[in-house]
Amino acid sequence: MKKVLLAASVAVALSVSAGAADFVLKFSHVVSENTPKGKAAVFFEKRLEELSKGKIDVQVYPSSQLYKDKAVLKAIRLDSVQMACPSFSKFGKFVPNLALFDLPFLFKDIDQLHRVQDSDVGQKLKDMVTAKGYVALDFWDNAFKQFTSSKHALISPTDAKGQKFRIMSSKVLEAQFKAVDANPQMMPFSEVYSALQQGVIDGQENTNSNIYTKKFYEVSKYMTVSNHGYLGYLVVMSKKFWNSLPADLQANVKQAMKEATAKEREWAVELDQSQFAEIKKYADETKKLEITVLTPEQRDAWRKVMSTIYPKFYDDKVIGKDLIEAAINTK
Ligand code: LMR
């Protein structure tokens, strides 16, 4: 059995490397390989090549090698790249409503957030993406976000006053930082490290995984474990590519995706913990980074100020009151 499997995977590898695949699927993303998205993309690549018996050659391009942030969504529409997994705010121009998931302090925990994604709310948002000419596949997780700064520690919301924070291109994140009198600056993910290093920005918000794998902790003096907002993704595919696949290969894509999504959710939890442990180890050993874990009372002070922005997004053209309330009311 093992030998047969081995022979089969060698055959797949050979047919792929010999350029014998019928379809080439390029998957572009901006994060490192050792992240939930990066690992799941590689898992998807292997699994789909296996299931399709090498008929689909999947090529994953991590770390903005192919496209930066929002640019990938245009490229997918042109079928210049076939698959991507942008974070919600990067859909801003096409489907701003996905920014529901960016609203600070909206979700109780990751399980409740998954229930929202698996409900009519999630389906409605995917339908909006489909209507814009994409194939909307699954939601993928990263984790809740933390703050870093080099100016001073962020413990009370007033500590953010006047500090320049990098944000993704997002009206929600802009409003979130303005609510604490900070100065938000939109910038692609690939430019954050050097902007922190050169002091172009004072701080940023991201998950433990992105802070660790892109080494933002090395160019920050303070980190606050705030879990104030969520960072997640929607996997999308080019409609032209999808329509070009015969039914059996479409079924293989769906199967590989289903398995990748299950793994992705597990890796998201594991990496959030293990990569935070690595950052903490660096902080303990070098004393170059001071980490503060907010107490429930301190966190509540941030929640009070930042959640005042919700009504700004009640209009359907931005997010929609119905979606925000449905998310809040999801048990
Ligand atoms: C960011 O721009 O900070 C994130 O969206 C990067 C990512 O894809 O996790």
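A cavity, on a 1 Å grid over the protein atoms alone, is a set of points where a 1.4 Å probe fits but cannot get out. The largest cavity here is the space taken by the ligand; a molecule counts as sitting in a cavity if more than half of its atoms lie within 2 Å of its grid points.

The model is predicted, local features need pLDDT of at least 70, side-chain atom pairs count only at pLDDT 80 or more, and totals for chains, interfaces and linings use all residues. Residues are numbered from 1 along each chain as its sequence is written, and side-chain values use heavy atoms, with hydrogens and water left out.

Next, show polar contacts (pairs of N or O atoms within 3.5 Å). A polar side-chain atom of Tyr233 lies 2.5 Å from a ligand oxygen. For Ser87, the distance from a polar side-chain atom to a ligand oxygen is 2.7 Å.

Now select the open sheet, whose five strands run in the order β2-β1-β3-β10-β4 with mixed pairing (strands are DSSP runs of E, at least two residues, numbered from the N terminus; two pair if DSSP finds at least two bridges between them). β2 (56–61) and β4 (134–144) are at the edges with a single partner strand each, so one side of each has no neighbour in the sheet.

Finally, pick β1 (residues 23–28), which pairs with β2 in the parallel sense over six bridges. Val24 has Asp57 in β2 as its bridge partner.

Key
A polar contact is a pair of N or O atoms within 3.5 Å; within protein, one must be able to donate a hydrogen and the other to accept it, and residues adjacent in sequence count only if both atoms are side-chain atoms. On a 1 Å grid over the protein atoms alone, a cavity is a set of points where a 1.4 Å probe fits but cannot get out, and a pocket is an open set with protein on both sides within 12 Å along at least five of seven lines; lining residues have an atom within 4 Å of a point. Helices (H or I, at least four residues) and strands (E, at least two) are DSSP runs, numbered from the N terminus.
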